[in-house]
Amino acid sequence: KLGEDATYRFYAKRFGRDNTVSATGQTASDAWQNGQLGFRLDWGKADDTLTLQGDAYDGSIDQAVLNDKTISGHNLLGRWTRALGNGSSLQVQTYYDNTRRNYPGMFGEILDTYDLDVQHRFAWRAGHEVVWGGGYRVLRDQVTNSAQFAFLPASRSLGLGNIFAQDTITFGERLLLTAGVKLEHNSYTGLEVQPSARLAWKLREHELLWSAVSRAVRTPSRLDRDLFVPGTAPFLFAGGPDFRSEKLTAYEIGYRSQPASYASYSISTFYNVYDRLRSLEPAPGGGLPFVISNKMEGSTYGIEMWGSYRMRDWWQLKAGYNYLKQELRFTPDSRDVSGVQAAGNDPAHQFSLRSTMNLANRTEFDLGLRSVGALPNPNVPAYVALDARLGWLVTKDVEVSLAGFNLFDKRHPEFGALPARSEIGRKIYARILWKF
């Protein structure tokens, strides 16, 4: 703590993970280690607050052949907020990030990101709370290509600018409407419009019914426009020079309740409509290269539930369940041969249960149970995993803990295709945290 107005935090980390094991019993070449240094400075006085924080890191990942993959970088963020009176405020944030990746024999990249955001919040007339602002981001990318694949051109500078406005309108004591729009301009497709609206109705003191509709886009990346396989002509795959933004229209409705001080629950359902999803189309005439295009569409729908129940003052249970149904298809003029599974491979069912206990003598005992359904294509079996943690606060500045992950089985797969997919193994960790 630096006087009455500022606090400063510095941290250093070094951590890693052992090799996982492939489904065939062979050691997979994905062991990694990472080091990180960082700081954070928070200063506040009168109507102004200022935050500065930054990180520098390096890491490596084993490869079965060639040298280790390496990743390193650094970043710096600054945020200034001023209270303007009558509940209004102004916030300015700027950010810089440098990332360096080197995968020997495959790929290398240096990416610099510069970002500026401004946001103004104020009350307008009776019952209106307005937030508006804008920002601009510049990404400068320099790639070292290989014989396997290439990004062409190897260097590119991309811009992403936006302005937005949102108004939260209060109707009486129980109804709240939030409406807004974001105008975004990117270097590939130009202007994109993303509106949204949300309505919240307070049925009773501890019951809330809400609904929302919104439109979002995924703008093209360098992978969509600039990726070529192999690294030199003739190409087998090519980025789509006319690839457009993928579109989503999302509809949601939900209910939330707290029937007692020790219990609460929520249930919501959603329906998402997708258009212009990424597909892989043969060149005109049916020849090579295959070109990245926008000829997939479809919908997803599902339900999400969660609940919390305090059994005792020292014991709390939390549970959640997700159901997801995907219905994707290609447009009639598509000739994609890769299949709709290229859009994602997700489980239909997921369930979680968590128990947290604050025991005597400053001891904590936590259990987490996860049940994840099977993945359809490529097929990965369903699994159930148990995690546990036992912690002891020795003093106010020293904490000792022992944690175990995937305790039910020695190892199991969670993603990937046979025979090369990795399996996640049982892990036990001991940790000492010392605050000074």
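Which residues does Phe149 touch, not counting residues up to four places away in sequence? Select Phe149 in this predicted model: the residues in contact are Met106, Phe107, Leu227, Phe228, Val229, Pro230 and Gly231.

Together with Phe107, Phe149 and Leu227, they make up the largest nonpolar core, which has 5 residues.

Now show the rings. Tyr103, Phe107, Phe149 and Phe151 are linked into a cluster by ring pairs. At Tyr103, look for Lys69, which lies over the face of the ring at 4.9 Å from its centre.

The count for the model is 13 aromatic pairs. For one of them, select Phe237 and Phe290: the ring centres are 5.9 Å apart and the planes meet at 35°, so this pair is tilted. Phe237 belongs to strand β15 (residues 237-238) and Phe290 to strand β18 (residues 290-312), and the pair links these distant parts of the chain, 53 residues apart. Phe237 is partly exposed, at 31% relative accessibility, whereas Phe290 is buried, at 19%.

Last, select Tyr262 and Tyr309. This aromatic pair is edge-to-face, with 5.5 Å from centre to centre and 80° between the planes. Tyr262 sits in the loop between β16 (246-260) and β17 (263-281), while Tyr309 is in strand β18, so the pair ties together parts 47 residues apart in sequence. Tyr262 has a relative accessible area of 41% and is partly exposed; Tyr309, at 39%, also counts as partly exposed.

Technical notes. Residues numbered from 1 in each chain as written. Predicted model: local features only at pLDDT ≥ 70, side-chain atom pairs only at ≥ 80, totals over all residues. Heavy atoms only, no water. Core = buried A, V, L, I, M, F, W, Y, C linked by side-chain atoms within 4.5 Å. Buried < 20%, exposed > 50% of the residue type's maximum accessible area, 1.4 Å probe, protein only. Contact = heavy atoms within 4.5 Å. Phe/Tyr/Trp six-rings, centres within 6.5 Å; stacked < 30°, edge-to-face > 60°. Helix = DSSP H or I, 4+ residues; strand = E, 2+ residues; numbered from the N terminus. Lys NZ or Arg CZ within 6 Å of the ring centre and 35° of its normal.
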